[in-house]
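This report describes selected helices of the structure shown below, together with the contacts and salt bridges that link them.

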Amino acid sequence: MTEAEWSHWMAAAQQGDANAYRLVLAEAAAWLRRFFLRRLPPPMVDDAVQDTLLAVHEKRHTFDPSQGFGPWLAAIARHKWIDRLRAENRADMVPIEDDLAISDHEERVTTTHALERLLGMLKPAQAEVIRLVKLQGFSIEEAARRTGQSAALVKVNIHRGLGRMNDMVIRGGDVD
């Protein structure tokens, strides 16, 4: 399925071609399922796909064939995804009691401070990819795109940076 075919089918659907509309919705459903599987917990995927297809149906008159169906569908899917995340966050909100016991987080603060000092002693490229991949959970490819480094260089910088941090910890005295 190409972008041109999607756009052609959706334009035909706008003119009343029911077969083209069935084809574009079937292809869109498959694409949406892949889109939401990467972003939502599996039990939420089917509902998100259905909500998005319903929005496509309700807003089909706003589709501009000169702009392409894929970006139009992706924009609707993004909005539905954000709606799902907002609804999920509202559902998880529980009021906090005033007398809630709070654990001591001194160790965590101290560890974070020591880690930041260690990262500050590395080359900026090493520290940046360690933060992205090891602390923030980005993939090697995502970190490569964000930093402009190749995937291989990201791996090398992580390996060398972690090795240098390990050496600094073993030597002691370099960190708090």
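## Helix H1 and the residue that follows

Which residue just after H1 takes a positive phi? In this predicted model, Gly16 does so, with a phi of about 105°. The twelve residues of helix H1 (residues 3-14) should span 16 Å at 1.5 Å a residue, and the end C-alpha atoms are 16 Å apart, which agrees. Several residues of H1 are buried, among them Trp6, Trp9 and Met10.

## Packing of H6 against H8

The axes of helix H6 (residues 124-135) and helix H8 (residues 151-171) come within 8 Å and cross at roughly 100°, which makes H6 roughly perpendicular to H8. The contact of H6 with H8 comprises eight nonpolar, three polar and two charged residues; on the H6 side, Ala125, Gln126, Val129, Ile130, Val133 and Lys134 take part, and they meet H8 residues including Val154, Ile158, Leu162 and Met165.

In one of them, the side chains of Arg33 and Asp46 meet at 2.7 Å, N to O, and the pair links helix H2 (residues 18-37) with helix H3 (residues 42-59) across 13 residues. Arg33 is partly exposed at 38% relative accessibility, and Asp46 is likewise partly exposed at 46%.

Arg84 forms a salt bridge with Asp51, with the closest N and O atoms 2.3 Å apart; because Arg84 lies in helix H4 (residues 69-92) and Asp51 in helix H3, the pair ties together parts that are 33 residues apart in sequence. Arg131 and Glu116 also meet in a salt bridge, at 2.8 Å, N to O; Arg131 lies in helix H6 and Glu116 in helix H5 (residues 106-120), so this pair ties together parts 15 residues apart in sequence.

Definitions and conventions
Residues are numbered from 1 along each chain as its sequence is written. This is a predicted model: local features need pLDDT of at least 70, side-chain atom pairs count only at pLDDT 80 or more; totals for chains, interfaces and linings use all residues. Side-chain values use heavy atoms; hydrogens and water are left out. Helices (H or I, at least four residues) and strands (E, at least two) are DSSP runs, numbered from the N terminus. The expected span of a helix is 1.5 Å times one less than its number of residues. Buried means under 20% relative accessible area, exposed over 50%, partly exposed in between (1.4 Å probe, protein chains only). Axes are lines fitted to C-alpha atoms, for helices over the stretch in contact, and angles run from 0 to 180 degrees between N-to-C directions. Angles under 35 degrees count as roughly parallel, over 145 as roughly antiparallel, 65 to 115 as roughly perpendicular and the rest as oblique. Contact means heavy atoms within 4.5 Å. Ala, Val, Leu, Ile, Met, Phe, Trp, Tyr, Cys and Pro count as nonpolar, Asp, Glu, Lys and Arg as charged, and the others, Gly among them, as polar. A salt bridge is a side-chain nitrogen of Lys or Arg within 4 Å of a carboxyl oxygen of Asp or Glu.
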